[in-house]
Amino acid sequence: MATKGLRQLRRLLGYLSNRKVEFTVAMVLVILMSYTNSIIPVLIRDAIDLGIVKRDLDNSLLYGGLIILAGIFNGVFSFSARFFQVRAAQDAVYRLRMNTFRAIQRQNMEFFDKTLVGQLISRVTNDAERITGFLSFRMRMLVYSSFLVVISLYYMFTMSPRLAWIAIATILIVMSLNVIYARKVRPIYDMVRHQTGVLAGESTSSIAGIKTVKALAVEDYILGKFGKENRELYRLNIDAARVSSIYGNTPFLIIGLAMSAMLFYGGKAIIANTLTVGELTAFLTYMLVMMWPLRALGFIIGDMQRTLAAANRLFEIIDSAPKTMDPVDAIELFDAKGEIVFDNVWFSYSSGRNVLRGVSFRVKPGEKLLITGLPGSGKSTVLKLIARLYTPVKGRILLDGVDLGKIKQDSLRRIIAYVPQEPFIFNRSIRENISLAKPDASIDEIVKAAEIAKIHDSIQSLPEGYDTIVGEKGITLSGGQRQRIAIARALLADPRIILLDDPVSNLDAETEEALVNDLKDILTGKTAVIVSQRLSLAKIADRIIVLSNGRIVEEGRHEDLLARKGVYYELYRTMMGVARSVN
Amino acid sequence: MIASLYLIALVLQWLFTTVQTYYVEKFGQSVLEELRARIHKKIITANIDFFKDKKTGDLVSRIINDTGMVNDVLVSGLLGGIGSTLSLVGIIGAMLYLDVKLTLVVLLSVPVMVFVAKHFGGKIRTAYRQTRREIARISSVVEEGVSGIETVKAFGQERKVEEEFEEASKGAVRAYIKVAFYMGLFWPLMNISSLLSIVLVLAYGGYLAYMGAISVGTVVAFIQYTQRFRGPINEVVSMYDSLQSALAALERIYEVIDDPNMEVFDGIRVEKLEGHVRFENVWFWYEEGKPVLRNINIDIPPGTTIALVGKTGAGKTTMANLIMRFYDPKRGRILYDGLIGTGINKESLRSRISYVPQETYLFPGSVMENIKIAKPGSTDEEVVNVCRQLGIHEFIERLPKGYDTPAGEAGKLLSVGEKQLISIARAMLKNPDIVILDEALSSVDPKTESLVQHAILKLMEGRTSIIIAHRLTITRHADRIIVIDNGKIIEEGGFKDLLTRRGKFHELYSSQMTVKPMVER
């Protein structure tokens with residue numbers, strides 16, 4: 001555990017290597033700073049003993065001047081130390097954050113299937129923040145406080161060992177109190193933060209679902225649930241208050257007691273002439289000077305483990321990501337005929353169940369293939385494998401005879417366009433969303449793609465047309481609109497192969513009909529693999545594959561499959577049955 | 001003697017601050033809890049109009065962040081502010097008691113400290129806020145990059161997203177360095193101004209001591225006092241600044257609490273309805289001058305089913321909104337069992353009506369909890385029974401964890417149509433007298449489609465039902481079909497009637513049905 005912690009610490013500090021000089025300078029400055037700060041009580045002592053007590057005005061002024069001078073030096077040191085250190089630390093955190101984000105992007109889809117978005121956000125914000133705090137602030141405080149305490153103790157021992165022992169005892173007690181405080185209060189604060197998130201989630205869902213709440217007339221129930229979580233947050237905050245009111249104030253009592261003990265013994269010593277008034281003042285000043293560094297030390301030590309844990313979480317992401325996107329021998333493809341071959345492909349997601357079980361088929365260049373089947377039969381997975389979002393567990397997928405895994409991903413993306421069932425629309429303008437794969441597309445090209453995808457009119461009716469920002473901070477689009485924007489996006493890329501996952505779900509009947517008719521023209525000359533439960537798409541397919549439980553159960557032309565009176569015929573009949581029962 | 005008194009005083013002071021810290025914090029937290037509850041209640045009980053120009057995130061931020069801001073000032077204001085002011089007064093009082101002239105000279109450094117604290121304190125806070133904004137930007141880039149990872153990968157957008165991240169990340173670095181710059185100036189300047197007071201004591205006190213005007217002890221005491229200045233002054237000054245932001249936060253809170261768009265729950269309560277609904281000369285508009293419904297007259301006898309048909313924007317959903325009393329007619333009236341709608345208590349009315357919206361909103365929690373929400377306090381058996389009746393029990397059991405499947409997971413697995421099954425179960429659990437169903441538009445596979453149809457018919461059995469029909473196959477089951485266009489009823493009658501009449505309905509119907517023959521080539 002300890003060695004693991006050390007290793008992580010070393011690795012974390014390794015990120016500072018780019019700014020080694022700045023970092024070293026900062027550390028030296030911090031030590032100088034603790035020196036100038038701990039010398040001030042000594043100067044006060046001399047000002048009193050040599051100036052005030054001896055009624056020597058010159059000395060008073062001299063030491064007063066020296067104190068200000070020490071203050072100024074201290075200020076300069078402190079400013080530059082902070083500045084250099086923050087620059088070095090920020091550079092380190094910046095690189096750590098970039099490394100983490102790049103690693104996130106390089107992760108394969110399995111990683112995203114089992115990781116929540118919120119967790120990743122928390123990695124690059126909260127964890128990175130914690131590390132920033134450590135590298136730029138806490139580390140400096142650690143060095144500063146330790147040196148300050150050590151130098152101060154040295155001076156105290158030179159003045160009066162007896163009083164210095166009191167100081168040491170005080171320091172130890174206060175330090176351990178602060179460490180306990182930090183250990184006790186942190187988990188509560190974590191719970192407070194978590195509960196705040198719960199409460200925010202509770203109100204988000206009740207506000208986002210307000211129409212449902214009102215329609216069900218369950219306002220009271222919702223208010224009750226919120227009230228419960230609200231109370232829990234209150235309770236946790238009170239817990240935190242209990243701990244911090246005790247541990248936060250007790251060090252002051254200890255230091256107060258120590259100072260009175262010093263006054264008591266110091267007073268006796270002054271009478272016995274073994275201590276001067278200035279020395280006693282210096283002692284009292286030291287106690288005041290050390291109060292805040294002691295608190296900081298307690299918290300830094302109490303927090304160390306958490307900082308390393310945060311760093312560890314980032315390192316885990318970085319280490320688990322594949323080093324590069326492509327194998328070294330990957331080949332570049334500039335164009336393709338568009339032939340796809342599945343050769344005994346097996347696949348399972350991380351959950352383990354086999355989704356595809358020995359699927360083999362060939363799509364000829366320019367052919368339109370429709371894959372259909374019940375939900376869970378593995379249809380969408382076929383598309384995801386062709387798009388190379390996932391790799392087969394067993395078997396091969398070939399593009400123009402070349403294994404997909406051997407082709408550079410950049411090449412694949414030029415050749416293949418994939419329209420998922422729930423396409424993602426970025427928080428940018430519609431124009432940018434459509435021209436994703438071809439950023440230099442002219443507005444005419446974009447409009448043309450949008451027209452074909454039957455979304456041009458809807459875009460025109462938006463407040464700022466193609467420049468309207470959509471997504472989280474902009475206008476929200478319906479499922480059908482998103483799908484059509486994604487189709488326009490794919491068309492604009494003008495790929496050789498196009499993969500459409502249920503392109504007509506979320507469309508009303510009229511639009512569906514029009515889009516299906518147009519798809520026929522759009523897809524001329526391209527290889528297309530379309531997944532759908534809507535058999536209206538059978539009209540444009542050259543061939544149909546029926547999947548069931550991860551296997552191909554039927555394959556052929558629409559008419560042939562109907563004539564066979566098998567699974568396809570059944571699917572078709574249930575679908576028509578719904579329609580026919582009306583006639 | 002004096003020593004033991006001093007010790008007692010010390011312990012008493014500790015006891016007092018500990019108790020004070022605890023109770024002030026406790027008081028602040030209870031005010032905070034109350035404030036959060038009040039603003040949340042206000043939002044939940046506001047009428048639908050309230051929400052039309054509001055964003056969820058903004059409202060949530062008012063409930064969580066703004067109240068927190070107010071509390072920070074309340075607690076730290078009571079604790080820190082008052083405490084600091086008191087100690088300042090105490091310190092100055094003690095100094096004045098010892099020596100007036102020396103005190104006045106020492107106080108010369110106070111304006112310097114106040115200036116430093118105010119000037120740099122404000123700058124530091126602004127710079128801090130900037131770092132919060134940059135961090136928020138980083139989160140949204142990650143959120144987008146990760147939620148859209150399929151699209152990012154499929155379209156090779158890694159570099160673009162990475163650039164955005166890099167930019168946000170650099171912004172954060174710049175903001176932090178700015179904070180460091182001001183902090184770097186702030187603390188040493190505070191320190192120097194506090195040392196300045198020591199030097200003033202040494203110089204002037206030294207002079208007075210030299211002249212024999214005061215004792216050495218007084219000078220030493222002054223040196224001790226001046227060192228306790230810095231903390232309280234900094235605290236009081238920063239209080240002033242956070243007071244500003246607290247006032248702004250309070251304003252945002254009261255903006256919501258004082259909003260006049262309140263749902264009014266008065267009128268007579270209805271326990272049970274026969275389900276007779278009648279529109280009498282109903283007009284409605286969301287915006288003045290743009291009527292959405294024009295003089296609608298419909299009579300829906302108890303237990304009958306009507307289907308509302310028409311293009312998007314014809315006014316169908318508005319009619320449902322009026323029946324639910326999300327809005328009230330601008331002209332004309334709606335009668336329920338002969339009672340005027342506006343005279344009935346909304347909550348009691350809504351608990352007699354089940355509304356099945358097009359898009360089902362799933363609350364966090366399990367599928368079971370999501371159905372139960374329609375009737376808080378209902379048992380698992382009740383829910384299972386209802387689902388059995390509707391014929392969707394097996395469907396739910398097939399979900400990964402059956403009824404215990406978390407809504408988030410279910411939301412990802414289920415299509416819009418399948419999610420509507422949950423809405424239908426909710427509706428059924430309420431055992432309503434009137435059912436309003438906004439049929440889901442998007443397609444489901446044939447099996448689910450028949451499941452949904454079956455469930456809908458089961459739900460409508462023996463109840464007054466209003467269906468907003470998008471796909472016209474369902475209209476066959478309606479006793480009467482009402483075709484709306486541009487806010488007016490243009491056709492009305494039975495399914496066969498309307499088809500033989502070869503009017504608008506026939507036109508709509510045949511355009512939808514053409515998809516099928518195409519498949520048959």
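In this predicted model, strand β1 of chain A, residues 340–348, is joined to β2(A) by six bridges, and the two strands run antiparallel. Within this pairing, Phe342(A) stands opposite Phe361(A), a residue of β2(A).

The two strands belong to an open sheet of four strands in chain A, ordered β2-β1-β4-β5 with antiparallel pairing. At the edges lie β2 (354–363) and β5 (402–403) of chain A, each of which pairs on one side only. Helix α10 of chain A, residues 379–386, packs on this sheet, where the helix touches β1, β2 and β4 (394–399) of chain A. The direction of α10 makes about 115° with that of β1(A).

| Element of chain A | Residues |
|---|---|
| Strand β1 | 340–348 |
| Strand β2 | 354–363 |
| Helix α10 | 379–386 |
| Strand β4 | 394–399 |
| Strand β5 | 402–403 |

One residue of chain A can be followed in more detail. His456(A) lies in helix α14 of chain A, which spans residues 456–460. Leaving aside residues up to four places away in sequence, His456(A) touches Val447(A), Ala450(A) and Glu451(A). His456(A) counts as partly exposed because 19 other C-beta atoms lie within 10 Å, whereas a buried residue would need 20 or more. From His456(A) to Leu500(A) there are 44 residues in sequence, and their C-alpha atoms are 20 Å apart in space.

On the scale of the whole chain, the domain assignment of chain A gives domain 1 (1–160 + 293–323) and domain 2 (340–580). The centres of domain 1 and domain 2 of chain A, taken over C-alpha atoms, are separated by 54 Å. Four residues from domain 1 of chain A and four residues from domain 2 of chain A take part in the contact between them. On the side of domain 1 of chain A that touches domain 2 of chain A, one residue is nonpolar, none is polar and three are charged.

The two chains also meet. Their contact takes 122 residues from chain A and 117 residues from chain B. Helix α6 of chain B, residues 158–210, supplies 30 residues, the largest share of the side of chain B that touches chain A. By class, that side of chain B has 64 nonpolar, 31 polar and 22 charged residues.

Methods: Residues are numbered from 1 along each chain as its sequence is written. Chains are lettered from A and ligands numbered from 1 in the order in which they are written. This is a predicted model: local features need pLDDT of at least 70, side-chain atom pairs count only at pLDDT 80 or more; totals for chains, interfaces and linings use all residues. Two residues are in contact if their C-beta atoms, placed from the backbone, lie within 7 Å. Ala, Val, Leu, Ile, Met, Phe, Trp, Tyr, Cys and Pro count as nonpolar, Asp, Glu, Lys and Arg as charged, and the others, Gly among them, as polar. Domain bounds come from an automatic or database domain assignment. Two strands pair if DSSP finds at least two bridges between them. Axes are lines fitted to C-alpha atoms, for helices over the stretch in contact, and angles run from 0 to 180 degrees between N-to-C directions. A residue is buried if 20 or more other C-beta atoms lie within 10 Å of its own, exposed if 12 or fewer, and partly exposed in between; C-beta atoms are placed from the backbone.
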